[in-house]
Each structure stands twice: as structure tokens, then as C-alpha cells.
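Have the viewer open while you read.

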Amino acid sequence: QAQLEESGGGLVQAGGSLRISCAVSGRTPISVNIGWFRQAPGKEREFVACMYNGGTTSYADSVKGRFTISRDNARKTVYLQMNSLEPEDTAVYYCGAGLGGRSSSGYFSWGQGTQVTVSS
């Protein structure tokens, strides 16, 4: 089973940038997708971005053009570069590993989350 650990969250002003990371360790299947999801207070967890095993990426409409997901296989780390941040991006960001794509139900491992707060 994969173990995931997010890092890099913090407080940033609107219009700023932040890069969060997801370090993957443990027994990880050869074919695994990595997804980023977020959950704001009082809201359900929502899809942000994912990278499929073959390298294809997918983004939520709300972040397309602002966020970029990337992967460093040597470091076993997946990144989410977030630019032009908006207060609406404030949430706890989680990374997941599994066979899922845009739906959280396909992921079998999750990190503990990292808080991203965007001030106006």
C-alpha cells in the first residue's frame, strides 16, 4: 500500500503562487494515477487535477490554466504548481494514489492533507 505525504501549503495573497508536493512511499503498484483533491470548510471534497500513469493530465475547469500537475519519478513526488491563486482556492489539499481519475472513489491511498489559505 502506498503512503502519501503532502507538504508545501501555507498562506498566500490573492494573485500569488504556491507549489505543494506529494511524496509517495511504500509498495506502490506499477500502474497508478495520482490525483489532487481539495476540501473547503462545509463543502465536499472536489477534484482539482490528476496525472494518469501514462502522463496524461486532467484539470477541473476552475483551475485550468492556473494550476499544473507534474511528477518527478526519481524523487517519487508529484507536484501541484498553483498560480494566480484566488480566495476560492482556500482549502485542505489532498493527494491520492490509485486507479481513479476525476472521481475520488478510485483512489486507495490518501495523504493527511496540507492547508492552503489565500487571503484577499
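How many disulfides does the count come to? Taking a disulfide as a pair of cysteine sulfur atoms within 2.5 Å, the answer is one. Keep in mind that this is a predicted model, where local features need pLDDT of at least 70, side-chain atom pairs count only at pLDDT 80 or more, and totals for chains, interfaces and linings use all residues. Residues are numbered from 1 along each chain as its sequence is written, and side-chain values use heavy atoms, leaving out hydrogens and water.

The bond joins cysteine 22 and cysteine 95, with the sulfur atoms 2.1 Å apart. The link is right-handed, with 70° about the S-S bond. Cysteine 22 sits in strand E3 (residues 18-26) and cysteine 95 in strand E9 (residues 91-98), so the pair ties together parts 73 residues apart in sequence. Strands here are DSSP runs (E, at least two residues), numbered from the N terminus.

What about cysteine 50? Its sulfur is 13 Å from the closest cysteine sulfur, in cysteine 95, which is too far for a bond.

| Residue | Relative accessibility | Class |
|---|---|---|
| Cysteine 22 | 0% | buried |
| Cysteine 95 | 0% | buried |
| Cysteine 50 | 0% | buried |

Now the sheet. Four strands make an open, antiparallel sheet in the order E1-E3-E8-E7, where pairing takes at least two DSSP bridges between two strands. E1 (2-7) and E7 (67-72) are at the edges with a single partner strand each, so one side of each has no neighbour in the sheet. Six bridges join E7 to the antiparallel E8 (residues 77-82), and aspartate 72 stands opposite threonine 77 in E8.

Terms used: Buried < 20%, exposed > 50% of the residue type's maximum accessible area, 1.4 Å probe, protein only.
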